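Welcome! Have the sequence and the model side by side, and let us walk through a few places where parts of the chain meet.

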Amino acid sequence: MSDYDLIILGGGPGGYAAAVRAGRLGLKTALVEKELVGGTCINWGCVPTKALLRYAKAVRSRSTADGAPPVEYSAAHAQSSKIAVERRERLEALLKACQVALYSGKAHLLSDEEVRMDRTGDRLSARNIIIATGSAPRQIPGAEWDGVNIINTRQALALREAPSSAVIVGSGSTGMEFATIWNRFGTKVTVLEMMPTILGTDDAAMSSEAAAHFREVGVHIQTGVTVDGISSTPAGVEVKFGDAHSEETVLADKVLIAAGIIPNSDNLGLEALEVELECGNHIRIDRQMRTNIPSIYAVGDVTGKLPLAFAATEQAMIAVEAIAGHDTRDLVYENIPRCVYSDIEMATVGLTEKQARERGYPVTIVREAIPARAPAPGKSDGSIKLIAHETTQKVLGAAMLGGDATGQIAVPARMISLGVTVPELLDVVRGGR
């Protein structure tokens, strides 16, 4: 007889969401986490970075207010850590209330129904297993972290003081969020990006507008360049970079490598069980998050579908519903909002213009300014770009920049799923006529 109905490997957004849902459905559930419940998101990612961003954005408004006390980075860091701890404690209480058994350590798959705790050797069995082991920061050749001068995002969050100067390698959401935080606290920031645009967007106009904003507030951005070498010197960290025509050198106090993530799929026992992988060691799943082994499921970053906490949570709900024998819905990944909470907010949902054209749609583009509902010092109005079917005017995708983009994107996300047209969506986003 199985010890559990379900064992979940990994306590991040996908893992803990699955555990809570399973507990509420009456499934006897075990959650195995090697470090802290909440995973990267609550402890070293989404939660503390968003808290720091909130304090960072307060720096500008306070700087324009007469007599307002300055915001110190050390105080902001302490508050962000406190918020993360409080969130983790609430999560632990919720898991306990849902009668989820929590195991500390790393587990290894022995079969499609059994795992072994690596540290103690204890074995747990279940009729079903969900792999939710997440991802780790990607290393780049020649830029190995030393944890002091050359750091990853987790190590950057551990800093109690903002560096005097920093080079950030990578201009995705994480890189630009740290650029925002450090820049607001007085760090001289240089961002190096291999691609021709920042923020991982294929929309050249939006990327150009965002880059112009960052440059305006003092962030130095170089796109289309590769890092040729990083070395620690008595004067600081020296970074050599360039393109096909020239090479430059910049000296900084810290170098943050924010060059993406890799799945935590190694050393789990997947190979022995012949669990199928794809695209760089991501676990292959079907529409119910099931692997090619019927009793083993996978959710979150380890699947390579969409590296967002929202996506992991949605995948977890579907996997648990399937395990419980309930009907499930298909998850449309492109209709999950992708948000960047940087100095200038950016949010997208649905198809990009490139994706829509690749799928053969006749595309028309509509751009409009969206006034911020409550303008604040340093907060610009926003703009929206709609990708629509040229004939039917059905909205295929939306991108918002500036203003309250990360908050307002929820409206286009819902409306796109309902199949609305451009006039209908704009009427709602504007707040009606």
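**Where rings and helices meet**

This is a predicted model, and in it the count of aromatic pairs comes to three. One of them joins Tyr 4 and Tyr 103, whose rings sit edge-to-face, with 6.3 Å from centre to centre and 90° between the planes. Tyr 4 belongs to strand E1 (residues 4-9) and Tyr 103 to strand E3 (residues 101-104), so this pair ties together parts that are 99 residues apart in sequence.

From there, move on to helix H1, which covers residues 13-24. H1 packs against helix H4 (residues 73-97) at an angle of about 30°, and the two axes are 9 Å apart. To find the contact, look for Tyr 16, Ala 19, Val 20 and Arg 24 on the H1 side, which meet Leu 91, Leu 94 and Leu 95 of H4. Sorted by class, this contact has six nonpolar residues, one charged residue and no polar ones.

H1 also has a contact with helix H9, which spans residues 309-323. Here the axes come within 8 Å and cross at roughly 35°, and the crossing is right-handed. From H1 come Pro 13, Gly 14, Ala 17, Ala 18, Arg 21 and Ala 22. Across from them in H9 are Ala 309, Ala 312, Thr 313, Ala 316, Met 317, Val 320 and Glu 321. The residues of this contact divide into nine nonpolar, two polar and two charged.

Now follow the chain to helix H12 (residues 410-417) and helix H13 (residues 422-429). How do these two helices cross, and how far apart are their axes? The axes come within 10 Å and cross at roughly 150°. An angle over 145 degrees counts as roughly antiparallel, so that is how H12 lies to H13. This crossing is right-handed. Val 411, Pro 412 and Met 415 in H12 meet Glu 424, Leu 425, Val 428 and Val 429 in H13. By class, the contact of H12 with H13 has six nonpolar residues, one charged and no polar.

Finally, a word on confidence. The protein averages a pLDDT of 91, and 93% of the residues score at least 70. Over residues 374-378, however, the pLDDT is below 50, and this stretch has three contacts in the model beyond near neighbours in sequence. Where pLDDT is low, the predicted coordinates should not be read in detail.

Key: Residues are numbered from 1 along each chain as its sequence is written. This is a predicted model: local features need pLDDT of at least 70, side-chain atom pairs count only at pLDDT 80 or more; totals for chains, interfaces and linings use all residues. Side-chain values use heavy atoms; hydrogens and water are left out. Axes are lines fitted to C-alpha atoms, for helices over the stretch in contact, and angles run from 0 to 180 degrees between N-to-C directions. Helices (H or I, at least four residues) and strands (E, at least two) are DSSP runs, numbered from the N terminus. Contact means heavy atoms within 4.5 Å. Ala, Val, Leu, Ile, Met, Phe, Trp, Tyr, Cys and Pro count as nonpolar, Asp, Glu, Lys and Arg as charged, and the others, Gly among them, as polar. pLDDT is the predictor's confidence in each residue, from 0 to 100. Rings of Phe, Tyr and Trp (its six-membered ring) pair if their centres lie within 6.5 Å; planes under 30 degrees apart count as stacked, over 60 as edge-to-face and the rest as tilted. Angles under 35 degrees count as roughly parallel, over 145 as roughly antiparallel, 65 to 115 as roughly perpendicular and the rest as oblique. A crossing is left-handed if the near helix is turned anticlockwise from the far one by less than a right angle, and right-handed if clockwise.
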